[in-house]
Amino acid sequence: MQSNNNIISSNTIRVTTETSNGLATTTTTTMEIGSAIYLSSSPFPAERHSIKDSRHPVLLSLCNSSKLWQNAKLPYRPSIFLEVDRISSSIKRREQKASWCICRAGREAIISESRKEEDDDDVGSRNSRLECEEEEDTLPSTLQVENLEEEAKSLARRYALSVSRRLQLDDESGDQGRSEGKQKRYKKSIKQEVPDYLLPKVAIVGRPNVGKSALFNRLVGGNVAIVVDEPGVTRDRLYGRSFWGEKDFMVIDTGGVITVPKYQNTGTDGLAITRGGGEDDIAYAVKEAIAAGLLSMIEKQAAAAVKEASVIICLVDGQAGVTAADIEIVDWLRKEHSDKSIILAVNKCESPRKGIMQAADFWSLGFTPVPISAISGTGTGDLLDLVCSELKLSEALQETNEVEERIPAIAIVGKPNVGKSSLLNALVHEERTIVSPISGTTRDAIDTEFIGPDGQAYCLIDTAGIRRRAAVVAAGSKTESLSVNRAFQAIRCSDVVALVIDAMACITEQDYRIGERIEMAGKGCIIVVNKWDTIPDKNNQTTYFYEQDVREKLRVLSWAPIVYASATTGQRIEKIIAAASAADKQRSKRISTAILNQVIQEAVGFKQPPMSRGGKRGRVYYCTQAAIRPPTFVFFVNDAKLFPDTYRRYMDKQLRANIDFPGTPIRLLWRSKRKTDKKLKEKEKERETTMATTMAPFSQT
């Protein structure tokens, strides 16, 4: 169908429409000067302008324009809706996308003139129009709208809770969740939350397998760090917020110090390897770390934690006694960090009587030993009293009066060895995490706060590589299983997820599974194609074809933007934060109910729900946005079963095409019409009448 518009005079427009079967219809309508005109066609979006004179250039050039809709400043992109030159219902359905529409001024005149030329085939079109008018008559009143809004919010809440429970069951299948044996604390009531970077820090150091991660979990009050009865599990620095009484502080968990710096050096160069206690497990951990090249990296992370902490907890094993490694670590802390408060804690002292005897052996180290048990919590209260007595409130903390704003959390996930830790280090401009070519280097979920280029604070979460569940089970490693669970928990706790893929590797089914989990959790997402510098012979079409391949294989994340970056060269690194920030804003976007229902009405008018076998057709009475993060829309319909999955996907595409939600999933919930209270009362009366009729003979006897 082709349409030609000609301006005859200052207030007259002639519309000529030609169809594929040769039929032609010419309609002349009179329009007032200054009236609004809507013109739309496929694939061009609609325009709204006003006629100022007879030589209006915008009206003649709209058919070839695709960017003028941005100047119109409309709240949404109107869909195509046919109201001009309806030849027949069959032709209307076939060629509706190629037609033109003129609304408002002269609309009734055009419709009235075109109706005179309709054939007998237009009966079905009239019936559909009458159905639309009946639907408009059944729209809820003002009093009913408030009830529908409350019902929509309740439905969105229940759905979010059900999804959260389902994901928690998957995440905690191999984990015990949060530790239940928390010590009792007394928290002061404060009006504003103090930012984490302003709090004093407490570092926990010691040789491997002495219980540092268990004590860390005890102090922060949760199962944050991975605790396994084998040495060398913790590698990176792990931060957690804790409090005791009136004071808040940050606790830093570190890897086992197998080697310590020489006394004349302040860094970690020139290492003297010490195997403490002659334990076979620790000796094996040393060999494994040296073979993987992680020994110096773990030591650098521990040295960085000690350097930024104001209080140091040196943890030793009370059951193993004093070892050569303990002596060397304590001497290093005493000589290199004498300006800091050092507390010697003797772990694994569960028995109060034996604990005192076990701690007595450590007086030779030159510090007062404090017997504790990280598992049962024995003695941790005394340890926290000593820690809080040594903490000093910084001047910045005393002067802060600003209320902390919401900090968007960005989780970096993906398969092993795709460059997640390298991306984190490139974003924060420091060696925050250990980077190694060996897959499986990162184990814990590492949180890092930093200030972006726009001045906004962000929390980056580096996670372990996620392999297939069958491969994890076949490996039989409990550490890897817990690491994958931590990665899934990071997805649940984040606002935006950066799915990292290798540019040289093909997208696999595991990437699709991770994308499905992100979409199910309702998190914003950006696809980061790392190692883009390794692609040889790139040209202008390389990005286009690569994006087509990604969109085809990651259909579940078709709404996610793609960023091509390189962590080693720093190419387009800043675009990752910009895309994540935009996705977080879209995730918090709220649309007014008036605009939303207008878009839905146009979508339903363009394509009505299919008719069931029983002759029933679905009707949409009302639509509202019930929640954000992610945007959740509730459709109140006559029967949700009358809307198949194909039509629901169509409605999802219409919302994205007209309102735009890049970088975030949207949820569409369909609510069937409930029976009114009047019908329920009538049924109750019928039931009472039936009961009275049934019991009447018995009452007479």
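The dialogue below goes through these features.

Student: What kind of model is this, and how are residues numbered?
Tutor: This is a predicted model, in which local features need pLDDT of at least 70, side-chain atom pairs count only at pLDDT 80 or more, and totals for chains, interfaces and linings use all residues. Residues are numbered from 1 along each chain as its sequence is written, and side-chain values use heavy atoms, with hydrogens and water left out.

Student: At what angle do helices H20 and H21 pack?
Tutor: Helices (H or I, at least four residues) and strands (E, at least two) are DSSP runs, numbered from the N terminus. Axes are lines fitted to C-alpha atoms, for helices over the stretch in contact, and angles run from 0 to 180 degrees between N-to-C directions. Here H20 (residues 593-606) and H21 (residues 645-659) pack at about 130°, their axes 10 Å apart. Angles under 35 degrees count as roughly parallel, over 145 as roughly antiparallel, 65 to 115 as roughly perpendicular and the rest as oblique; H20 and H21 are therefore oblique to each other.

Student: Which residues of H20 and H21 make the contact?
Tutor: Contact means heavy atoms within 4.5 Å. H20 contributes Leu596, Val599, Ile600, Ala603, Val604 and Phe606, while H21 contributes Tyr647, Tyr650, Met651, Gln654, Leu655, Asn658 and Ile659.

Student: Which residues of the largest nonpolar core touch the most other members?
Tutor: A nonpolar core is a set of buried Ala, Val, Leu, Ile, Met, Phe, Trp, Tyr and Cys residues joined through side-chain atoms within 4.5 Å. Buried means under 20% relative accessible area, exposed over 50%, partly exposed in between (1.4 Å probe, protein chains only). The largest core has 37 residues, and those touching the most other members are Val413, Leu499, Ile518, Ile527, Val529, Val550 and Leu557. Helix H16 (residues 478-493) gives the most to this core, with five residues. A second, separate core of 27 residues includes Ile204, Val220, Val251 and Ile313.

Student: Where is there a cis peptide bond?
Tutor: Most residues other than glycine have a negative phi, and most peptide bonds are trans. In this model a cis bond joins Arg629 and Pro630, with omega about 0°. Pro630 lies in the loop between strands S20 (620-627) and S21 (632-637).

Student: Which residue has a positive phi of about 65°?
Tutor: That is Lys348, which is not a glycine. Lys348 sits in the loop between strand S12 (341-347) and helix H11 (352-360), and is partly exposed, with a relative accessible area of 23%.
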